[in-house]
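Q: Please guide me through the side-chain contacts of this protein, taking the general idea before each case.

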Amino acid sequence: MNNTKKKVEDSGSEKSDISGKRFNWTWVYVFIFILLVSSSVFNFFPSGKEITWQQFEKDIIYKNAVDKIVVVNNESAEVYIKKEMINDPAFKEVLKPLFGKGFNPGPHYSFTIGSVESFERKLEEAQKITIGADKINVSYVKKTNWFWGILGWVLPFFLLFAVWNFLIKKSVGVGGIGTGGSSVFNFGKSTATLFEKEKSTVTFDDVAGLDEAEMEVREIIEFLKNPDSFTSLGAKIPKGVIIVGPPGTGKTLLAKAVAGEAQVPFFSISGSEFVEMFVGVGASRVRDLFKRAKEKAPCIIFIDEIDAIGRSRGKGAFLSGANDERESTLNQLLTEMDGFGTNSGVIVLAATNRADMLDTALLRPGRFDRHIYLELPNLKEREAIFKVHLRPLKTDETIDPHFFAAQTPGFSGADIANICNESALIAARRKKDAIGRQDFLDAIDRIVAGIEKKSKIILPEEKKIIAYHEAGHAIVSWYLKHVDPIIKVSIIPRGKSLGAAWYLPEEKQLRSESAFTEHLCATLAGRASEEIIFGEVSSGALDDLEKVTKEAYMMVVYYGFNKKIGNISFYDSSGQSESSFQKPYSEETGKLIDEEVRKLVSDSYLRTKEILKDHSASLHQVADLLLKKEVVFKEDLENILGKRDEIKDQTFLQKSIPVMA
Ligand code: ATP
């Protein structure tokens, strides 16, 4: 599979494109290194074997072997041996290795002189002793070592440059695959990865449950392949398509499939790769990307996580720190999208989780003309996604994609891919030959609630509180018809929670007010149960209370469920309010909202306690069973509470509902 995929990295640097070769700085570094090492190891400027004055006096002067002495820079003396003395065994062994077999012109020995005066004095005294010896010829010269001189100048500059290049590489290289940004010389170049034709392995076969979206993107491929059939009728080809959807719903996957099927060059870049700490780089990269794309037209540009640059200008500038760089990058993107004609053969695909954050100028027709909305998959779509991800797995006959799809409402495609992988890991850990149904169910539990922590030390009295807490959830959920069906309750610690109740949410598009209120009751049931049984409450309801508070505020502030507040919603789909300091309502309304939310929660709590008191015998039974078995399934609950459909005391429940304001 992999060998068919070849990522062509295009730096966008024209120079390097034309020559086909890039200048390799590594060789320069290697050369300088070798030069430095060799200059210190082998002496390029030989000055003979280093000896001491005593050796010189005893072994050379007294033997009358000195031809001449050259004092260099008033620092060292270089000694030349008489030609006829070179074959003297005393010198031969030392001098031969210096220059091989031939005649060595010298200097043959050297030593450091303290000062010229003391050297001359010592030399004179030594010569006095050697009677009959020739007078030693001494000359004085100045030598400059040009190599070290130049190196002394060049090295600091070179080091500065190397450090600067390294720092810039570090700051730019974060973008990953980037090619253009990885050097000082192509800093402003786009870091987009270019996938050439027929090189992407992902196809529409790998994308499941996105039929409508798939149709839309297939049309784009058609635009690029046969533009004439559209333009001949006067139609303008869309310039941009934006794919919007929650995380993990397959936006990137869809774009990859387009790359695989389109048979045209495909530039892929993430929004964050445009923006650097240096001002102007983002805009320059956008310019470069579009320039390269136009050269390769017809082609597709894919910008993942476009919200990194496409966020509304001026929004949240105070909170997030005014980001001129991001804004100028966005401006450049807007200009570029205006700049190329509708029929230029470049189509921009973009993906984001937050369309509400995007600048409206980006979304207007003429730029991103088409919007594709992806949602969390429904039952049928999940089944199809399971089938895609089950394909490469080794499974046994107990596997049923439909059953798994039914167990995973609210899961995204990425969650399903994760479950399939996790189940394979679990089966491998169990040393099985094939993955079975139970492995999948365990993988689902693990992904929903975290890993089981059986080793966590829980005191018996704590365990009892947890059992009653969870039993409370189970009982209230069982008797309230709008609450999702409960499938199991457990008091085995998992992830951060000490116990959990598993529900199977129905896939509804609308939730009624009663559904919201009953959900509040079911969530409060753990705390209510603790209060009824133990007379006081514990800290174990933190998560429940957080959910309840959020949901109650949503009911009052967003959904207009409260009579006193009325049919008013303070929800802001444009996301502007997130960065605003001001509440969209007055001080009095704020107070009223708080009061109504408190009332809603306390009424729900009262109602919950009523239900639990009415079924206190069942509450004890379920809690006891939980303490015994740790996990109680729907069937066990049916044994204790009867079938859920046969709710006999509906009338009682209706009556006991505290009237909401
Ligand atoms: P995000 O917004 O977080 O970037 P995304 O929507 O781009 O998420 P992808 O990266 O496309 O999500 O999906 C992640 C993985 O989930 C994919 O690699 C794929 O394995 C799986 N997946 C998601 N949706 C589907 C689908 N419809 N069919 C098959 N696999 C899917």
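Q: Where do Glu-383 and Lys-387 lie, and how many residues apart are they?
A: Helices (H or I, at least four residues) and strands (E, at least two) are DSSP runs, numbered from the N terminus. Both Glu-383 and Lys-387 belong to helix α15 (residues 379–390), where they are four residues apart, about one turn of the helix. This is a predicted model, in which local features need pLDDT of at least 70 and side-chain atom pairs count only at pLDDT 80 or more, while totals for chains, interfaces and linings use all residues. Residues are numbered from 1 along each chain as its sequence is written, and side-chain values use heavy atoms, with hydrogens and water left out.

Q: What do the side chains of Glu-383 and Lys-387 form?
A: Side chains of opposite charge can pair when their charged atoms come close. A salt bridge is a side-chain nitrogen of Lys or Arg within 4 Å of a carboxyl oxygen of Asp or Glu. Glu-383 and Lys-387 meet in such a bridge, at 3.4 Å from N to O.

Q: Is Glu-383 buried or exposed?
A: Buried means under 20% relative accessible area, exposed over 50%, and partly exposed in between (1.4 Å probe, protein chains only). Glu-383 counts as buried at 17%, whereas Lys-387 is partly exposed at 45%.

Q: Which parts of the chain are tied together by Glu-219 and Arg-370?
A: The count for the structure comes to 22 salt bridges. One of them joins the side chains of Glu-219 and Arg-370 (2.6 Å, N to O). Glu-219 lies in helix α7 (residues 211–225) and Arg-370 in strand β12 (residues 370–373), so this pair ties together parts that are 151 residues apart in sequence. Glu-219 is partly exposed, with a relative accessible area of 33%, and Arg-370 is partly exposed at 23%.

Q: Which residue meets Arg-511 in a salt bridge?
A: The side chain of Arg-511 meets that of Glu-551, at 3.6 Å from N to O. Arg-511 is in the loop between β14 (500–503) and α20, and Glu-551 is in helix α21 (residues 542–558), so the pair ties together parts that are 40 residues apart in sequence. Arg-511 is partly exposed at 43% relative accessible area, whereas Glu-551 counts as buried at 11%.

Q: Where does the charged end of Arg-511 sit?
A: A charge sits over a ring if NZ of Lys or CZ of Arg is within 6 Å of the ring centre and within 35 degrees of the ring normal. The charged end of Arg-511 sits over the ring of Phe-516, 4.2 Å from its centre. Lys-488 lies over the face of Trp-502, at 4.6 Å from the ring centre.

Q: How many aromatic pairs does a search of the whole structure find?
A: Rings of Phe, Tyr and Trp (its six-membered ring) pair if their centres lie within 6.5 Å; planes under 30 degrees apart count as stacked, over 60 as edge-to-face and the rest as tilted. The search finds 17 aromatic pairs. Among them, Tyr-468 and Phe-534 are edge-to-face, with 5.7 Å centre to centre and 90° between the planes. This pair links distant parts of the chain, since Tyr-468 is in helix α19 and Phe-534 in helix α20 (residues 513–534), 66 residues apart. Tyr-468 is buried, with a relative accessible area of 5%, whereas Phe-534 is partly exposed at 30%.

Q: Why is α19 largely enclosed by the rest of the structure?
A: In α19, 14 of the 20 residues are buried, so the helix is largely enclosed by the rest of the structure.
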